[in-house]
Amino acid sequence: MSNKLNLVLCWHMHQPYYREGLNGDYQLPWVYLHAIKDYDDMADHLENHPRMKTVVNFAPVLLEQLDDYAKQIKTFLSNGTAMSDPLLNLLGGATPIPPNVSERRELIQTCRRAHAPRMIDPYPHFHALLQQFPSSERDSGQEMLLAYLDEQYFVDLLMWYHLAWCSYRLKQTPEIRLLIEKARNFSSEDQRTLLQIIQKTLESIIPRYRKLAERKQIEISMTPWGHPIVPLLNDFNNMIETQPDAPMPEHSHYPDGVARSRWHLHYGIQRFEHFFGFKPQGIWLSEGGVSDDALKLLDELDIRWTASGEAVWHHSCMTSACNPDDMACRRALFIPYQLNNNQTLLYFRDDGLSDLIGFEYSKWHADDAVTDFMGHLERIAGSLGDEAGDHVVSVILDGENAWEYYPNNGHYFLDALYRAVSTSDVIQSTTFSEATPRVRKDTLSHLVPGSWVYGSFSTWIGSSDKNHAWDLLADAKTAFDNRIALLNKKKAETATRLLAICEASDWFWWFGDYNPSDSVNDFDRLFRVQLRTLYCALDMTPPATLDTPISSGGGQMENAGTMRRN
């Protein structure tokens, strides 16, 4: 048996359901943009480093949208049927460039939505297009220019926006290189070429990860279908232990929440099996949100492992009387735990190492960052001595949101990291399922409910706007319970999926004055749209309370608020 320290890198791939209702227009383009940038590159790195093992976690609701986009674009390219994404329709010419000044201004602002230092400024032509409108403030000069600009300006802007979002791999292909070199006056043929590349990339994502799993290079895990906070669906009281002084929603509980959690788990597994052909052995509960009752649900499904954050480990070890010496040196962090008689093992991430990748190394030279990261791992291995092979370091973070802050989408960092780990004499990459038989395990008598963010649920509940959103959702669930038996089978299935979309963690994540206003407004509006759509599916009039925004934002969170540092 190897005495190398086990390293599990777990990349969490997740985007919420962005369509209005089940079949309406996509309100935000992040699924396909992250697909052509991040999901493509992350697969490419693994394909180029076959000795590197990782865990890749997919939310089923993301898989469904990836599949839908690929099919819709293919249909458009085949027969011209317009797609359900307004931005793609503009790119492909299915929708004409708007003549209206306000719509033109909105399109320009949409094409600014990227990290400028890495995704706009390196491209002089893209930068110059946006520099004509340096701010969103209205003035008479801008109004006149917007009205008189020809359509070619907007075609070029749309092309550049999508070229900037292309992965490092795609930017090395002859087709994309030619488009970048052309730089301006893009033709309808150029638009079609780029759309064909986007379609082909989207269509390849799921099969590529499935192939990586089939050759045992990666383990694919999943979250519950709609990415809900399972402990909070189960019981609002799960917030009390780490937020004892925080206000709670007016509703004492989410109606029949445990059944809803089961639905997300069962339906998620069904959809996962549809795309990958096997049942997952591990489930990353949305946001690493764990509790005693959530672990019991995983046990029911014979799930082998789940994971959460370091603060949950610390809180739980303190209440479970773990060895204080092992806790002090963090030796106790690098093993999985069994909660009483539960069979599902619980791993805990190293928050510091995870946050270095998520927030710090983007500012470093890639070689220095990898040397630093490997140095941390080697020191951990050294401290464990002959027992290093009995331990596992878990590094878990978003697989899509960090890379736009790195040069060339993190290419140099990930390439150097995978090479260093694959050739290390001290560290071996592995997966949670592969590591489980060979690592030491311990038990917990109590799991303190919490998430990978601060070890609590404060990002999703406990403030006035977040609690108000829970009350709106609980009201909708009560209406659902009262009406569902009166609907025919097809309508009931539609309403059930709409409810699941409304139960996603993402809505509550964004509410708060610390988040950027643009993102808060986007998610606030879409949450209320989804709730109204649910009421309509129940043949009910949506309440007037859904006409009023829940939160306005105004803060400037790190990494645009897409991730939280611990």
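**Terms and their grounds**

Author: Aspartate 522 has a relative accessible area of 18%, and because buried means under 20%, aspartate 522 counts as buried. The model is a predicted one.

Reader: What makes the contact of aspartate 522 with arginine 113 a salt bridge?

Author: The closest N and O atoms of the two residues are 2.8 Å apart. The criterion is a side-chain nitrogen of Lys or Arg within 4 Å of a carboxyl oxygen of Asp or Glu, so aspartate 522 and arginine 113 form a salt bridge. Aspartate 522 belongs to helix H24 (residues 517-537) and arginine 113 to the loop between H4 and helix H5 (116-119), so the pair ties together parts 409 residues apart in sequence.

Reader: Why is arginine 113 called partly exposed?

Author: Its relative accessible area is 25%. Partly exposed covers values between the 20% limit for buried and the 50% limit for exposed, so arginine 113 is partly exposed.

Reader: How do you know that glutamate 47 and arginine 208 meet in a salt bridge?

Author: The N to O distance between their side chains is 3.0 Å, and the cut-off is 4 Å, so the pair qualifies as a salt bridge. Glutamate 47 lies in helix H1 (residues 30-48) and arginine 208 in helix H11, so this pair ties together parts that are 161 residues apart in sequence. Both residues also take part in a network of salt bridges that links Asp40, Glu47, Arg169 and Arg208. A search of the whole structure finds 28 salt bridges.

Reader: What makes glutamate 143 and arginine 105 a salt-bridge pair?

Author: Their closest N and O atoms are 2.1 Å apart, which is within 4 Å, so the pair counts as a salt bridge. It links distant parts of the chain, with glutamate 143 in helix H7 (residues 140-148) and arginine 105 in helix H4 (residues 101-110), 38 residues apart. Glutamate 143 is partly exposed at 27% relative accessible area, whereas arginine 105 is buried at 9%.

Reader: Why does asparagine 342 count as buried, and where does it lie?

Author: Its relative accessibility is 8%, and the limit is under 20%, so asparagine 342 is buried. It lies in the loop between strand S5 (337-339) and strand S6 (345-348). Leaving aside neighbours within four places in sequence, asparagine 342 is in contact with Leu295, Lys296 and Asp299.

Reader: How do you know that the span of helix H2 is close to the expected value?

Author: Helix H2 (residues 60-79) has 20 residues and reaches 29 Å from its first C-alpha to its last. The expected span is 28 Å at 1.5 Å a residue, and the two values are close. Just after H2, glycine 80 takes a positive phi of about 85°.

Reader: What lines the second largest pocket, and how are its residues classed?

Author: This pocket has a volume of about 310 Å³. Of its 13 lining residues, the closest to the centre are Ala213, Lys216, Ile218, Glu219 and Gln281. Helix H11 (188-214), strand S3 (218-222) and helix H20 (432-435) each supply at least two lining residues, and S3 gives the most, with 3 residues. By class, the lining has 5 nonpolar, 3 polar and 5 charged residues.

Technical notes: Residues numbered from 1 in each chain as written. Predicted model: local features only at pLDDT ≥ 70, side-chain atom pairs only at ≥ 80, totals over all residues. Heavy atoms only, no water. Helix = DSSP H or I, 4+ residues; strand = E, 2+ residues; numbered from the N terminus. Expected span 1.5 Å × (residues − 1). 1 Å grid on protein atoms, 1.4 Å probe; cavity = no way out; pocket = protein on both sides within 12 Å on 5 of 7 lines; lining within 4 Å. Points joined across faces, edges and corners; volume = space filled by probe spheres on them. Nonpolar A, V, L, I, M, F, W, Y, C, P; charged D, E, K, R; others polar. Buried < 20%, exposed > 50% of the residue type's maximum accessible area, 1.4 Å probe, protein only. Contact = heavy atoms within 4.5 Å.
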